[in-house]
Amino acid sequence: MTGVSDLTRALVLEEPERVPDGCGGFAVTWIGVGTLWASVVARRGREAFVAGRTEARVTYRILVRGAPPGARSRPRADQRFREGSRIFDIVSVAEADPRGRFLEIIAEEGRMS
């Protein structure tokens, strides 16, 4: 990656919100908290056996502009990205360069959320 000109895909950052389900429990809904411009590159794919069926999963390296820890614009592992109908569950977040100009996010598409 050479710079911000590589950040060509708009991803909506979402976080989970628990809402009452009307029966004394809670359901999880996803709330958009912002849009980040990103570079998305597929890393590897695999199949997993989940709940009695085979499920395809693909791991991606997603780069976004840097943000300090604790900033609302900094993705976290309990969040996800949405691009249309595609969902990218965030697995990890780390600085991609020593100056913290970019964040490297490992995300997985195809997990059940």
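Strand β1 (residues 9-20) and strand β4 (residues 80-83) run antiparallel and are joined by three bridges; two strands count as paired if DSSP finds at least two bridges between them. Strands here are DSSP runs (E, at least two residues), and helices are too (H or I, at least four residues), numbered from the N terminus. Keep in mind that this is a predicted model, where local features need pLDDT of at least 70, side-chain atom pairs count only at pLDDT 80 or more, and totals for chains, interfaces and linings use all residues. Residues are numbered from 1 along each chain as its sequence is written, and side-chain values use heavy atoms, with hydrogens and water left out.

**Around β4 and β5**
- V12 has R82 in β4 as its bridge partner.
- On to strand β5 (residues 86-95): β4 joins it through four bridges, again antiparallel.
- E83 finds its bridge partner in R86 of β5.
- The β4-β5 hairpin has two residues between the strands, and G84 there takes a positive phi near 65°.

**Closing the barrel**
- β5 also pairs with strand β6 (residues 102-109), antiparallel and over six bridges.
- Six strands close into a barrel, ordered β1-β2-β3-β6-β5-β4, with antiparallel pairing.

**The chain as a whole**
- The protein chain has six strands and zero helices.
- Its C-alpha atoms fill a box of roughly 50 × 30 × 25 Å along the principal axes.
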